[in-house]
Amino acid sequence: MAGIDYLERIPNNVDLGSNRRLQRALEDWQPKFLEWWKDMGPDGFQARDVYLRTAISVDAKGWAQFGYVRMPEYRWGIFLAEPEPGRTIAFGDHKGDPAWQEVPGEYRGTLRRLIVTQGDTEPASVEQQRHLGRTCPSVYDLRNIFQVNVEEGRHLWAMVYLLQAHFGRDGREEAEALLQRRSGDRDRPRILGAFNERTPDWLSYLMFTFFTDRDGKYQLASLAESGFDPLSRTCRFMLTEEAHHLFIGETGVARVVQRTCELMRQHRTDDVRKYGALDLPLLQRYLNFHYSVSLDLFGSEISTNAANFYTLGLKGRFEETKKTDDHLLKSSMYRIAAVEGDRVIEAEQPALQTLNERLRDDYIVDCQRGVDRWNKIIRDHGIDAELRLPHRGFHRAIGTFGDVRVSPDGRLLSQAEWDAHKHEWLPTQADEQYVQSLMKPVTELGKFANWIAPPARGINGQPVDFEYVR
Ligand SMILES: [Fe+2]
Ligand SMILES: [Fe+2]
């Protein structure tokens with residue numbers, strides 16, 4: 001890659017052109033990334049032109065450049081949000097110190113683990129979604145999934161940049177390992193549970209993009225508070241892209257709800273399967289599943305790891321700098337849910353230990369806002385029903401609720417009660433087969449599968465029937 005124009009090939013604002021060490025690391029990694037993309041990226045569409053946005057700078061003009069690109073030629077770039085002059089660490093034992101520009105030696109291992117864990121989710125979701133293009137409900141949706149996929153690829157680049165630029169040899173090894181693990185692989189699985197689940201159909205994908213990408217938003221937002229400034233700036237820029245992924249999830253599920261309601265009204269029935277749509281109880285079961293596995297991603301309610309990340313200044317709370325407490329949390333308490341006998345209660349715990357739960361609380365509030373908007377669609381159709389977030393203890397694998405059974409309305413259940421009802425609460429095999437039966441590709445411009453309504457508008461001011469993929 002001698003004499004290569006780095007800015008052209010790898011858009012960046014990290015002065016890659018004059019950083020020989022980083023160039024060498026990337027020269028080694030980039031071909032392996034491309035191999036991974038061809039093996040594990042969107043199946044069957046690598047040679048097509050897709051109307052995608054590419055970030056070529058972080059300013060308002062450059063961060064969303066639209067045009068046709070073949071995905072393997074996408075210009076995955078490296079961007080950090082603009083530095084905040086004089087930024088100081090906002091929390092923990094180093095509160096008030098200048099933010100670190102280099103990795104503090106004593107926190108090296110911890111920080112690397114945080115970056116690797118975040119980085120691992122990015123390629124995992126591309127792997128989970130790789131076959132979906134073949135059953136797209138429209139060309140508009142097809143373009144959107146590819147946009148998410150290439151940006152998750154860029155998020156991987158973002159984390160790899162941090163590893164290669166700041167962690168020397170072990171950083172380079174971790175960057176390689178990120179390309180070697182595979183979602184759902186028995187021997188080399190991705191690090192976090194939800195990223196090893198299958199995403200077998202478009203309903204699952206839309207739910208995933210709403211619930212699981214939103215976990216990403218909260219993780220990135222708390223890493224954006226980090227005292228390690230390059231991590232903070234990287235995450236701040238990733239959040240601008242993440243917003244579009246969440247938009248796809250929220251409006252995607254909204255369009256499904258819309259279509260379901262239209263058919264319920266038109267045929268005066270709850271049983272819209274006859275008309276090839278997704279009934280509300282099925283949508284509720286998919287919601288229950290994706291919400292509960294996403295809640296697990298936040299980790300245990302009581303966590304000394306989370307306390308350490310905070311005290312060391314590595315990972316803050318959501319909107320840390322907007323909070324008005326002491327940002328040390330050594331003497332404050334926080335209320336969390338707990339299990340006592342056969343009941344779920346609330347109990348005060350030392351705030352520092354409960355940071356995972358606090359982040360989960362922020363996430364739940366955000367999820368509820370989306371669900372409220374879906375319920376408005378149902379109400380606007382004059383239908384007396386609503387979608388609900390199940391209780392936080394429902395169907396959990398990690399933490400306080402990991403080894404008890406909880407109903408969607410928050411009652412502790414015996415195993416027998418759970419077994420008797422779980423088919424009402426979680427997608428059944430019949431549900432999955434039915435959803436699968438609807439997954440027929442629709443590729444005529446401006447046409448949409450029968451189970452999902454068209455969007456209100458197209459992408460980047462283009463019409464809904466624009467040729468987003470050609
Ligand atoms: Fe991401
Ligand atoms: Fe995302």
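**Reading a predicted model**

Guide: In this predicted model, H327 is found in the loop between α9 (304-311) and β3 (333-340).

Visitor: Why does H327 count as partly exposed?

Guide: A residue is buried at 20 or more other C-beta atoms within 10 Å, exposed at 12 or fewer, and partly exposed in between. H327 has 19 such neighbours, so it counts as partly exposed. Its phi is positive, about 60 degrees, although H327 is not a glycine.

Visitor: What makes L329 buried?

Guide: L329 also lies in the loop between α9 and β3. It has 22 other C-beta atoms within 10 Å, and the cut-off is 20 or more, so L329 is buried. L329 is not a glycine either, and its phi has a positive value near 65 degrees.

Visitor: Why is S437 called exposed?

Guide: S437 is found in helix α12, residues 429-438. The limit for exposed is 12 or fewer neighbours; S437 has 11 other C-beta atoms within 10 Å, so it is exposed.

Visitor: How far apart are S437 and D39?

Guide: In sequence S437 and D39 are 398 residues apart, and in space they are 27 Å apart, C-alpha to C-alpha.

Visitor: How do you know what span to expect of helix α7?

Guide: Helix α7, residues 229-267, has 39 residues.

Visitor: Where does α7 bend?

Guide: The bend in α7 is at T240 and comes to about 30 degrees. After α7 comes R268, with a positive phi near 50 degrees.

Visitor: Why is α7 called mostly covered?

Guide: The count is 28 buried residues out of 39 in α7. For the protein chain, 45% of the 470 residues count as buried.

Visitor: How many helices and strands does the protein chain have?

Guide: There are 12 helices and 6 strands in the protein chain.

Visitor: What makes the protein chain as compact as a globular protein of that length?

Guide: The globule rule gives 23 Å for 470 residues, and the radius of gyration of the protein chain is 23 Å, so the chain is as compact as a globular protein of that length. The C-alpha trace spans about 65 × 60 × 40 Å along its principal axes.

Visitor: What share of the contacts joins residues 24 or more positions apart?

Guide: Among contacts in the protein chain with a separation of 6 or more, such residues account for 70%.

Methods
Residues are numbered from 1 along each chain as its sequence is written. Chains are lettered from A and ligands numbered from 1 in the order in which they are written. This is a predicted model: local features need pLDDT of at least 70, side-chain atom pairs count only at pLDDT 80 or more; totals for chains, interfaces and linings use all residues. Helices (H or I, at least four residues) and strands (E, at least two) are DSSP runs, numbered from the N terminus. The radius of gyration is taken over C-alpha atoms; the globule rule is 2.2 Å times the number of residues to the power 0.38. Two residues are in contact if their C-beta atoms, placed from the backbone, lie within 7 Å. The expected span of a helix is 1.5 Å times one less than its number of residues. The bend at a residue is the angle between axes fitted to the seven residues ending there and the seven starting there.
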